[in-house]
Amino acid sequence: MASLHPQHQAALESALIRPRTVGVSDSPGEFVVAVAVLDEKLLYWSDIEEGWELEVPDGRGNIPSRGCNQFELRHVLYQVFGAPDAS
């Protein structure tokens with residue numbers, strides 16, 4: 001968190017949720033831990049890909065599949081919030 005731009009840090013802090021396990025629909029028995037909701041998508045760390053991911057949950061609250069992008073947290077926040085102000 002400390003390495004994030006202050007605007008992104010503030011936006012993420014307002015989106016944090018109590019961490020919760022979320023099943024992976026295409027991999028029964030697997031789960032991820034969601035830590036925030038950003039634009040109706042769950043933010044989670046993929047321990048298999050070792051990166052942050054965003055997924056829209058399905059009707060049961062699971063994610064359809066694990067992402068495989070290996071994003072750093074700052075990459076995900078740029079996707080959601082865009083570039084922070086230069087000021």
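**Close-up views of a predicted model**

**View 1. Glu-50 and its contacts.** Glu-50 touches Trp-45 and Gln-70, leaving aside residues up to four places away in sequence. The model shown in this and every other view is predicted. Glu-50 belongs to the loop that lies between strand 3 and strand 4. With a relative accessibility of 58%, Glu-50 counts as exposed, because exposed residues are those over 50%. Val-24 is 26 residues away from Glu-50 along the chain, and the C-alpha atoms of these two residues are separated by 16 Å.

**View 2. The aromatic pair of Trp-45 and Trp-52.** A pair of aromatic rings is described by two quantities, the distance of the centres and the angle of the planes. The structure holds 1 aromatic pair. Trp-45 and Trp-52 form this pair, with 5.5 Å from centre to centre and 70° between the planes. The arrangement is edge-to-face, because planes over 60 degrees apart are placed in that class. Trp-45, one of the two residues in the pair, has a relative accessibility of 39% and therefore counts as partly exposed.

**View 3. Tyr-44 in strand 3.** Tyr-44 is found in strand 3. Is this residue, Tyr-44, buried or exposed? At 1% relative accessibility, Tyr-44 counts as buried, since the class of buried residues takes in values under 20%. Tyr-44 and Ala-34 are 10 residues apart in sequence, yet their C-alpha atoms are 4.5 Å apart in space. When residues up to four places away in sequence are not counted, the residues that Tyr-44 touches include Val-32, Val-33, Ala-34, Trp-52, Leu-54 and Ile-63. Glu-53, Glu-55 and Arg-66 are also among them.

**View 4. The packing of helix 1 against helix 2.** Helix 1 (residues 6-15) and helix 2 (residues 73-81) pack with their axes 10 Å apart, at an angle of about 85°. The two helices, helix 1 and helix 2, are therefore roughly perpendicular to each other. Which residues make the contact? Helix 1 contributes His-8, Ala-11 and Leu-12, while helix 2 contributes Leu-73, Leu-77, Tyr-78 and Phe-81. Sorted by class, the contact of helix 1 with helix 2 has 6 nonpolar residues, 1 polar residue and no charged residues.

**View 5. The buried side of helix 2.** Leu-73, Val-76, Leu-77 and Val-80 are the buried residues of helix 2. Around the axis they cover an arc of only 95°, which means that they are on the same side of helix 2. Helix 1, strand 2, strand 3 and strand 4 are included in what covers these buried residues. Just after helix 2, Gly-82 takes a positive phi of about 80°.

View 6. Most residues other than glycine have a negative phi. Glu-40, a residue other than glycine, has a positive phi near 65°. Glu-40 lies in the loop between strand 2 (31-38) and strand 3 (41-46), and its relative accessibility of 69% places Glu-40 among the exposed residues. Gln-70 has a positive phi near 55° and is likewise a residue other than glycine. Where does Gln-70 lie? Gln-70 is in the loop between strand 4 (51-55) and helix 2. At 48% relative accessibility, Gln-70 counts as partly exposed.

Technical notes:
Residues are numbered from 1 along each chain as its sequence is written. This is a predicted model: local features need pLDDT of at least 70, side-chain atom pairs count only at pLDDT 80 or more; totals for chains, interfaces and linings use all residues. Side-chain values use heavy atoms; hydrogens and water are left out. Rings of Phe, Tyr and Trp (its six-membered ring) pair if their centres lie within 6.5 Å; planes under 30 degrees apart count as stacked, over 60 as edge-to-face and the rest as tilted. Buried means under 20% relative accessible area, exposed over 50%, partly exposed in between (1.4 Å probe, protein chains only). Axes are lines fitted to C-alpha atoms, for helices over the stretch in contact, and angles run from 0 to 180 degrees between N-to-C directions. Helices (H or I, at least four residues) and strands (E, at least two) are DSSP runs, numbered from the N terminus. Angles under 35 degrees count as roughly parallel, over 145 as roughly antiparallel, 65 to 115 as roughly perpendicular and the rest as oblique. Contact means heavy atoms within 4.5 Å. Ala, Val, Leu, Ile, Met, Phe, Trp, Tyr, Cys and Pro count as nonpolar, Asp, Glu, Lys and Arg as charged, and the others, Gly among them, as polar. The arc is that of the directions from the helix axis to the C-beta atoms.
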